[in-house]
Amino acid sequence: MRTILITGPGGSGRTTVAAATALAAARQGTRTLLLGADRDDTLGAVLGMPTGGPAPVTVEPRLTAWRPDAAQGFRDGLAALQDRAASALDLLGAGRLDPEELTPLPGADELALLRALRDAALAEGPDHHELLVVDLPPAPRALALLALPEELRRYLRRLLPPERQAARALRPVLGRLAGVPMPAEALYEAAARWDLELAAAEAVVADRNTVVRLVAEPGPAGVDAVRSATLGLALRGLRTDLLVANRVLPEDTPADSWLTGPLTQQRKALEEWQGAYDVRTVAHLGRDPRGGDDLAALDAPGVNGDVPPVEWPVTDRLAEDGVLVWNIPLPGAARDELDLVRRGDELVVTAGPYRRIVPLPSALRRCTVDGAALREGTLAVRFAPDPRLWPRSR
């Protein structure tokens, strides 16, 4: 299944473009699922029908839309957690929370969308779709959402390392010897279950058939937002297939029109984008699109199947310079906004407002950081072999 994750600056019309993309694919014969997470159901407003509820709704033949109910998902999840922790809660004398008194916490919408994304990718039989189009939140929130599975899995591994589960049979004995209670088996079981669910969501985001499509209005604010989003996506190693320039004004606007100024800004933005992205334009209809006819009139771009994978290659320059070089593509990064910290077998990379902790390739774990340089949008980190760990040649 192919997946198109659509995001962009707030107010750029990304929901409209997501709906138009899904509709165009469905009318071309592709079984398509359109996912959204906006509580206000802006997706339903664009489609002309509500999309929330416990199950997906059919929009047209071969097009299904769904906006997961974050509130119900939160209540169900917390109720299940209370059931699994019943003995511990009873021991502490804690009172149970009734489903009626539970309200979603911040982040519940994002978790519900990740769960729906995972379930759609794993669906089989009549629930299986050939294309999944996801209307993500605005770019900053979307980047945090896409990073969530990887970050949460890292936290779980640090707090509850899987290798410690091997001592499960010895845990009561170790607890008596140490004089402190050891983590209960149920806690490790829960951590393993969470890790499995997060891994499934992470696999969908990182899959070779998953791309991120940016939507922005061509103008000064759109240029800045796209540059920032591109940097954040690159740091996450995510592929961007297209940049959709939305609400493009007609070029035949009269010279004395008040649109002359916005049109000049539009031309400048498009010229800059076309030098760095695969740009597709969507015309301004002169009104807010509503319903299938308006969405079809937008002529949104379809699936782009020719997107190269994002690679962070390691270059062997031991013979020439005595170093290995890890090349990390970071288009749009500024030298004074970059920061690198080696932490054990991980590298903490900060680029502008974004930060990621990545495991080092196996060969680089036996090296020390020897310096770094940013050239033409690629961060080259040099690693020198550590004589204490690097095997010596005869």
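**Contacts and helix packing in a predicted model**

Apart from its neighbours within four places in sequence, R290 is in contact with A45 and V46, where contact means heavy atoms within 4.5 Å. The model is a predicted one, in which local features need pLDDT of at least 70 and side-chain atom pairs count only at pLDDT 80 or more, while totals for chains, interfaces and linings use all residues. Residues are numbered from 1 along each chain as its sequence is written, and side-chain values use heavy atoms, with hydrogens and water left out.

Although R290 and G44 are 246 residues apart along the chain, their C-alpha atoms are separated by 9.5 Å. The side chain of R290 also reaches the backbone oxygen of A45, at 3.4 Å. With a relative accessible area of 44%, R290 is partly exposed. On this scale, buried means under 20% relative accessible area, exposed means over 50%, and partly exposed lies in between (1.4 Å probe, protein chains only).

Helix α11 itself holds D294, which is buried at a relative accessible area of 12%. The side chains of D294 and R287 are joined by a polar contact of 2.9 Å. A polar contact is a pair of N or O atoms within 3.5 Å; within protein, one must be able to donate a hydrogen and the other to accept it, and residues adjacent in sequence count only if both atoms are side-chain atoms. Neighbours within four places in sequence aside, D294 is in contact with L285, R287, D288 and P289.

How many helices and strands does the protein chain have? There are 12 helices and 15 strands. Of the 394 residues in the protein chain, 42% are buried. Among contacts in the chain between residues at least 6 apart in sequence, 67% join residues at least 24 apart.

Helix α9 (residues 220–235) takes part in two packing arrangements described here. In the first, helix α6 (residues 139–159) and α9 pack at an angle of about 5 degrees, with their axes 10 Å apart. Axes are lines fitted to C-alpha atoms, for helices over the stretch in contact, and angles run from 0 to 180 degrees between N-to-C directions. The two helices α6 and α9 are therefore roughly parallel to each other; angles under 35 degrees count as roughly parallel, over 145 as roughly antiparallel, 65 to 115 as roughly perpendicular and the rest as oblique. On the α6 side, the contact is made by A139, L143 and L146, and on the α9 side by A229, G232 and L233. By class, this contact of α6 with α9 has 5 nonpolar, 1 polar and no charged residues. Here Ala, Val, Leu, Ile, Met, Phe, Trp, Tyr, Cys and Pro count as nonpolar, Asp, Glu, Lys and Arg as charged, and the others, Gly among them, as polar.

From its first C-alpha to its last, the 16 residues of α9 reach 23 Å, close to the 22 Å expected at 1.5 Å a residue; the expected span is 1.5 Å times one less than the number of residues. After α9 comes G237, whose phi is positive, near 70 degrees.

Which backbone angles stand out elsewhere? Most residues other than glycine have a negative phi. D41, in the loop between β2 (32–36) and α2 (42–47), has a positive phi of about 55 degrees although it is not a glycine. D41 counts as buried, at 13% relative accessibility. R247, in strand β7 (residues 240–248), likewise has a positive phi of about 55 degrees without being a glycine, but counts as partly exposed at 27% relative accessibility.

S12 lies in the loop between β1 (2–7) and α1 (14–27) and counts as buried, at 3% relative accessibility.

How values were computed
Helix = DSSP H or I, 4+ residues; strand = E, 2+ residues; numbered from the N terminus.
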